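Please consider the sequence and the three-dimensional model displayed below.

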Amino acid sequence: MAGKIEFEVLDKRADSIRFILRGVDVAFANALRRTILADVPTFAIDEVEFFENDSALFDEIISHRLAMVPLTTPHERFSLDSLELDDYTVTLSLELEGPAVVYSGDLKSDDEGVKPANPDIPIVKLAEGQKLTLNAYAKLGRGKDHAKWQPGFVYYKYLTRLHVSKEIPDWEEIKALAEKRGLPVEEKDNELVVTTVKAFYLPRKFDAYMGDGISEEVIPATFVFTVESNGELPVEEMVTTALKILMRKSDRFISELHKLAD
């Protein structure tokens with residue numbers, strides 16, 4: 001670690017959060033990113049039993065589409081931070097006759113807590129008289145085993161400050177672009193300082209001034225994270241569960257070291 005760890009939430013929506021993480025090195029930042037993607041468990045359909053399929057699509061194609069439907073995961077009922085997954089299966093049934101478009105919302109779950117996060121995902125179109133009847137079985141899994149269990153998407157960047165000299169032509173244009181982008185802008189006597197809490201690209205006309213009039217300062221041990229949820233889990237739950245899993249893995253690692261030392 002590089003110092004005292006601090007969080008600062010920049011923006012939070014129903015399905016995404018953006019925050020600044022201070023006081024960590026790049027190894028920890030990347031470990032957090034990888035843990036969210038690979039180790040935070042969610043429910044996903046893992047097996048499908050077909051009773052009737054008259055549609056134009058093969059069973060395998062429909063199974064794949066069903067597997068990629070995000071399912072809500074009741075995090076309050078399961079120990080998602082545990083290193084061992086709960087053995088629990090949910091059945092989602094579907095029975096429909098055409099003409100119709102089959103949507104994810106047509107799946108009927110036997111557990112109200114585990115159901116399609118978005119009911120409007122199209123699965124297959126049925127023509128007149130065609131039928132589709134199946135049972136789909138969902139269970140907990142991790143993204144490191146298959147992408148269908150990934151809870152969402154996460155990426156980060158270094159927090160930087162862009163220093164723009166007022167001696168370069170059209171510096172006011174950079175100020176206007178930064179303010180339009182919603183970035184903090186500080187105007188000093190001889191320069192403009194833009195804090196890049198989100199990606200910021202300058203027009204190509206300013207390329208000639210990079211390093212001579214325009215410079216970028218990397219803020220040490222400070223990263224801007226963006227976390228987006230597919231709908232399986234709230235975004236804050238994705239982050240807190242990942243941090244708990246990291247702690248559990250660290251505890252296990254220390255315990256194994258102590259055993260070797262004994």
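This is a predicted model: local features need pLDDT of at least 70, side-chain atom pairs count only at pLDDT 80 or more; totals for chains, interfaces and linings use all residues.

Residues are numbered from 1 along each chain as its sequence is written, and side-chain values use heavy atoms, with hydrogens and water left out.

The chain contains four helices and twelve strands, where helices (H or I, at least four residues) and strands (E, at least two) are DSSP runs numbered from the N terminus. Its radius of gyration is 24 Å, well over the 18 Å that the globule rule gives for 262 residues, so the chain is more spread out than a compact globule. That radius is taken over C-alpha atoms, and the rule is 2.2 Å times the number of residues to the power 0.38. The C-alpha trace spans about 75 × 65 × 25 Å along its principal axes. Of the 262 residues, 40% count as buried; buried means under 20% relative accessible area, exposed over 50%, and partly exposed in between (1.4 Å probe, protein chains only). Accessible areas come from the Shrake-Rupley method with a 1.4 Å probe; for residues, only the protein chains shown count as cover. Among contacts (heavy atoms within 4.5 Å) with a separation of 6 or more, 73% involve residues 24 or more positions apart.

Helix α2 (residues 59–67) has Ile62, Leu66 and Ala67 as its buried residues. These cover an arc of only 140° around the axis, which puts them on the same side of α2; the arc is that of the directions from the helix axis to the C-beta atoms. They pack against β3 (42–53), β7 (122–126) and β8 (131–141).

In helix α3 (residues 171–181), Trp171, Ile174 and Ala178 are buried. Viewed down the axis, the buried residues of α3 fall within an arc of 50°, so they line one face of the helix. Their cover includes β9 (152–165), β10 (185–187), β11 and β12. Gly182 follows α3 and has a positive phi, near 80°.

The peptide bond from Gly98 to Pro99 is cis, with omega near 10°, and Pro99 is found in the loop between β4 (89–97) and β5 (100–103).

Gly213 occupies the loop between β11 (191–196) and β12 (214–229) and is partly exposed at 25% relative accessibility. Leaving aside neighbours within four places in sequence, Gly213 is in contact with His163, Val164, Ser165 and Ile168. The C-alpha atoms of Gly213 and Glu167, 46 residues apart along the chain, are separated by 7.3 Å.

On the surface, Phe253, Ile254, Leu257 and Leu260 form a nonpolar patch with about 430 Å² of accessible area together. Patches are made of residues with over 30% relative accessible area and no salt bridge, with like charges joined within 9 Å and nonpolar side chains (Val, Leu, Ile, Met, Phe, Trp, Tyr) within 5 Å. A salt bridge is a side-chain nitrogen of Lys or Arg within 4 Å of a carboxyl oxygen of Asp or Glu. Ile254 lies in helix α4 (residues 235–261) and is partly exposed, with a relative accessible area of 41%.
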